[in-house]
Amino acid sequence: MSSILFIGLGNMGSGMAVNLVKAGHDVHAFDLSADAVAKLADEGATPVPSLKDFKGAVDVVITMLPAGPHVASVYTSPDGLPSSIEKGTLFIDCSTIDVQTARAVGTGAKERGFPFVDAPVSGGVAAAQGGTLTFMVGGEASDFEKAKPYLDSMGKNVFHAGPLGNGQVAKICNNMLLGISMIGTCEAFHLAEKLGLDAQTFFDISSTASGQCWSMTSYCPAPGPVPNAPSNRDYQPGFAAAMMLKDLRLAQDAAKTAKAPTPLGAHAEQLYALMESAGADGFDFSGVMKLLDGSLPK
Ligand code: NAD
């Protein structure tokens, strides 16, 4: 079993770190929030009150942080990782961040003698707790092989997507497609209703016809057809519109850098930006239905 320093114990990281404890690893847990650290200690991790004062060597560092600047500050700033972390320690960043930062941080780490993979996840809080996440991993094949056993303890699907940064590429392209398909699904259900076709009947037809997609069959944005979908609990997340907007913005930034036209991705970003400016980005991302039918709180 290995010794792991896990940094970032929020909605996702807490469940992931607990699964590493359950797999028998010696997990040292750090977050800027003392409460988050205390909760992990209750689950069997060793609390790390301050990174600066951490004196141990570990086999692996895993980060699950909000965005690129947080990840860069941990891996590249002088106040980031403790000086006791020895060369050769494997770095795994599971955060969803911009491709450029992932590549820059990963390349810098490799140059300093640390194997690095970017390994963002698909699946929400329930999958993080249940150990059923999907990991999309960027990095050298040999580094992927080193990371895989740890990712296997936290997920059920682990894919090597190619060189450094390609995990993030897979993640933002997937989520751009998800955002677009969710908006299309909302539009179709809303129009059907307006034209006198009820949601269940339209679902029964379209879910077996050429319009079917995951956003419809597993996460239907109209209440009724998929009982555990957020649409049946007034669009409480699930996957918040704010998180979708973050991923769509990352996709648009990357598309500009790559000079790749993504007209529907740009529209999708704008639609979720409208949710944000309406103060409705705490609703699930399928809450676009509320924007279309005018039922957002005033
Ligand atoms: P979160 O805000 O709940 O947790 C982030 C944690 O990082 C917080 O506890 C915060 O205190 C801590 N933190 C911030 N800066 C730190 C630092 N310098 N050192 C130590 N700790 C620090 O976020 P989350 O929902 O757990 O998401 C984490 C990442 O996973 C994000 O990149 C997100 O896009 C991605 N993600 C989230 C979901 C989801 O459903 N929540 C799904 C897939 C991917």
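Q: What makes the passing of H10 and H11 a left-handed crossing?
A: H10 passes H11 in a left-handed crossing, a term used if the near helix is turned anticlockwise from the far one by less than a right angle, right-handed being clockwise. Helices here are DSSP runs of H or I with at least four residues, numbered from the N terminus. The model is predicted: local features need pLDDT of at least 70, side-chain atom pairs count only at pLDDT 80 or more, and totals for chains, interfaces and linings use all residues. Residues are numbered from 1 along each chain as its sequence is written.

Q: How is the packing of helix H10 and helix H11 described?
A: Helix H10 (residues 241–258) and helix H11 (residues 263–277) pack at an angle of about 145 degrees, their axes being 9 Å apart. Axes are lines fitted to C-alpha atoms, for helices over the stretch in contact, and angles run from 0 to 180 degrees between N-to-C directions.

Q: Which residues make the contact?
A: Among them are Leu245 and Leu248 of H10 and Tyr272 and Ala273 of H11; residues are in contact if their C-beta atoms, placed from the backbone, lie within 7 Å.

Q: Why does Lys171 count as buried?
A: Lys171 has 28 C-beta neighbours inside 10 Å, and a residue is buried if 20 or more other C-beta atoms lie within 10 Å of its own, exposed if 12 or fewer, and partly exposed in between. Lys171 therefore counts as buried.

Q: Where does Lys171 lie, and what does UniProt list it for?
A: Lys171 lies in helix H7 (residues 166–194), and UniProt lists Lys171 for "active site" in an unreviewed entry; such annotations may be inferred rather than shown by experiment.

Terms used
Helices (H or I, at least four residues) and strands (E, at least two) are DSSP runs, numbered from the N terminus. Two residues are in contact if their C-beta atoms, placed from the backbone, lie within 7 Å.
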